[in-house]
Amino acid sequence: MDEAGLIHAAVQGDLDSFNRLVLAYQDLLYNQAYRMLGEPQGAEDATQDAFISAYRKLKSYRGGSFRAWLLRIVTNTCYDEFRRQKRRPIAPLAPLNQDDEEIESPRWMADPSESPEEAAVRSDIREALKHCLGELPPDFRSVVILVDVQGLDYAEAAQAIGKPLGTVKSRLARARVRLRDCLSGFGELLPAAFRLVKESKP
Amino acid sequence: MTKNLSLRDWEALSAYLDDQLSRKQRARLEGRLQKEPELKAGLEELRRTMVVLQSQPRLRAPHNFMLTPDMVGLTRSRRVYPAVRLAAVLASIMFIVTFFGDIFFVGSLGGALQVARAPQSDAAIMAIPVEKHDEPLAEMMLDEAEEFSLESAEIENRALTEEVEQTRTEAATQIGTIITEQESVAEEGAGEPMSAAPLFPTITGTPQPAFDVYGLPATATPTDLASPTATMTESPTTTATPAAVFQNTPVPFGISQLVSGMPVIRVLEILVAILAVGMWVAVWFLRRR
């Protein structure tokens with residue numbers, strides 16, 4: 001059965017048909033969520049929530065690119081996660097011990113995931129890009145991931161974010177310029193082919 | 001690193017790399033690229049940035065994200081749906097049975113039963129005054145009532161009601177005439193006081209002969225008519241006119257009157273029909289979910 005047939009069957013309530021669509025698109029949605037959120041656990045949750053939401057909203061699908069429609073749902077799910085994190089920061093400023101007293105030692109302030117030394121020696125381009133994407137505003141991030149990482153054209157990206165084509169074009173250019181600025185800080189860490197600043201000749 | 005380009009220049013370079021410019025815009029930008037080295041450097045920086053982005057490997061999903069019925073809340077609906085569908089089918093079968101039962105049973109036997117019951121009740125109504133009196137006139141009334149009841153047994157149900165009404169009115173008129181004659185006779189009596197026992201009673205109480213669609217009395221049953229509220233009492237004042245005695249009073253119309261006028265099987269038929277329709281609506285709703 002082709003994609004249109006599976007969608008039609010899923011709209012009628014056939015969960016098996018929808019699960020075949022899930023298998024076809026789960027990598028795409030997981031990649032989008034991972035690039036947006038920057039961590040795997042949140043990406044898994046967002047992907048699962050997006051598929052559940054897609055099944056419930058399937059009757060509102062009005063044709064067009066089904067891929068873009070799914071990407072729009074997972075992008076919105078990531079936006080919801082950003083808002084949730086903003087409302088409830090993960091790390092409290094002053095953690096409490098078992099007796100509900102503030103921990104006075106500054107040791108808790110250390111970031112266990114990354115030390116300054118580790119950041120300095122980080123040469124992996126993936127990490128550099130992850131860091132730079134994380135610096136972008138979510139609206140810019142979603143567009144640059146859709147076009148440059150996921151490979152959507154402008155029209156599909158416009159459908160995925162629910163904005164006009166001109167907005168996509170503008171946000172994409174700004175996002176690329178900001179990424180260029182950010183990645184230039186990793187110039188020596190990046191492979192020669194990716195270095196943005198030409199080395200000055202002696 | 002290029003710093004002096006405007007946002008419009010960056011947008012044009014970005015769209016140029018994605019081949020999103022029109023032919024005219026493209027030609028104009030390519031002319032500028034040949035003349036402006038900074039613009040060309042900016043284009044190269046954007047191209048490399050895109051290469052970095054596009055070089056990212058596509059990650060595989062760590063596990064399958066297939067949905068289960070529990071995740072989307074289908075379990076309860078799936079469990080309920082067959083039961084509701086079975087109930088709808090059973091309700092439909094019950095409706096068909098009651099529908100044909102109404103046609104065959106009530107349609108054939110119901111008419112005969114009604115004809116047999118109507119004269120009986122009418123005779124009971126007309127026989128009431130006779131129980132209290134031994135007067136010759138009362139016997140005459142009984143005879144008339146029996147005649148009317150015999151007549152009414154021979155006609156159809158619908159006509160029966162009208163016939164009985166007419167007969168009652170005539171009987172009441174006769175009674176009134178006789179009473180008036182007796183009054184005049186009593187007044188002509190030499191020196192007899194008015195307190196002497198009257199010859200004929202005054203009918204007090206107002207029987208309300210409301211009939212249902214089958215000619216059966218709906219409010220005045222034989223039991224009611226035999227009760228003290230509808231008895232004849234002897235009184236020296238005979239002011240009540242017989243015409244007013246049998247005057248019909250308006251019967252309030254409502255669901256209870258409507259239902260009381262129907263056979264039980266028809267009420268059952270309507271209830272089962274409503275149940276069947278409701279069940280099929282529930283089946284349709286669950287199926288859409």
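Visitor: What is the area buried between chain B and chain A, and what share of it do carbon and sulfur atoms give?

Guide: This is a predicted model. In it, the area buried between chain B and chain A is about 4200 Å², and carbon and sulfur atoms give 62% of that area. Leu53(B), Leu59(B) and Phe65(B) supply 17% of the area that chain B buries against chain A, more than any other three residues.

Visitor: Why is such an area used to describe an interface?

Guide: The size of an interface is often given as the accessible area lost when the parts come together. A count of residues can be given as well: 38 residues of chain B are in contact with 46 residues of chain A.

Visitor: Which helix gives the largest share of the side of chain B that touches chain A?

Guide: That helix is α3(B), with nine residues. Both α1 and α3 of chain B supply at least two residues of that side.

Visitor: Why is Asn19(A) called buried?

Guide: Its relative accessibility is 8%. Buried means under 20%, so Asn19(A) counts as buried. Asn19(A) belongs to helix α2 of chain A, which spans residues 15-37. Leaving aside neighbours within four places in sequence, Asn19(A) is in contact with Met66(B) and Leu67(B).

Visitor: What else is noted about the backbone of Asp19(B)?

Guide: Its phi is positive, about 60°, although Asp19(B) is not a glycine. Most residues other than glycine have a negative phi. In chain A, Gly13(A) follows α1(A) and has a positive phi, near 105°.

Visitor: Which residues of α1(B) are buried, and what do they pack against?

Guide: The buried residues of α1(B), residues 7-17, are Asp9(B), Trp10(B), Leu13(B), Ser14(B), Ala15(B) and Tyr16(B). They pack against elements of both chains: α8 and α9 of chain A, together with α2 and α3 of chain B.

Visitor: Which residues are buried in α1(A), and what covers them?

Guide: In α1(A), residues 3-11, the buried residues are Gly5(A), Leu6(A), Ile7(A), Ala9(A) and Ala10(A). What covers them includes α2, α3 and α4 of chain A.

Visitor: How many residues has the largest nonpolar core, and which have the most contacts inside it?

Guide: The largest nonpolar core has 67 residues, and those with the most contacts inside it are Phe18(A), Leu29(A), Phe66(A) and Val144(A). Its largest share, 12 residues, comes from α2(A). Apart from this core lies another, of 12 residues, among them Val177(A), Leu21(B), Leu33(B) and Leu46(B). In soluble globular proteins, nonpolar side chains tend to be buried together.

Visitor: Which residues is Phe66(A) in contact with, leaving aside its neighbours within four places in sequence?

Guide: Phe66(A) is in contact with Glu3(A), Ile7(A), Leu21(A), Tyr25(A), Leu58(A) and Tyr61(A).

Visitor: How many helices and strands are there in each chain?

Guide: Chain A has nine helices and zero strands, whereas chain B has 11 helices and two strands. Of the 202 residues of chain A, 47% count as buried; of the 289 residues of chain B, 33% do.

Visitor: What is the mean pLDDT of chain A?

Guide: The mean pLDDT of chain A is 83, and 74% of its residues reach 70 or more. Over residues 198-202 of chain A, however, the pLDDT is below 50, and this stretch has zero contacts in the model beyond near neighbours in sequence.

Note on methods:
Residues are numbered from 1 along each chain as its sequence is written. Chains are lettered from A and ligands numbered from 1 in the order in which they are written. This is a predicted model: local features need pLDDT of at least 70, side-chain atom pairs count only at pLDDT 80 or more; totals for chains, interfaces and linings use all residues. Side-chain values use heavy atoms; hydrogens and water are left out. Helices (H or I, at least four residues) and strands (E, at least two) are DSSP runs, numbered from the N terminus. Buried means under 20% relative accessible area, exposed over 50%, partly exposed in between (1.4 Å probe, protein chains only). Contact means heavy atoms within 4.5 Å. pLDDT is the predictor's confidence in each residue, from 0 to 100. A nonpolar core is a set of buried Ala, Val, Leu, Ile, Met, Phe, Trp, Tyr and Cys residues joined through side-chain atoms within 4.5 Å. Buried area is the accessible area (1.4 Å probe) that two parts lose on being put together, summed over both.
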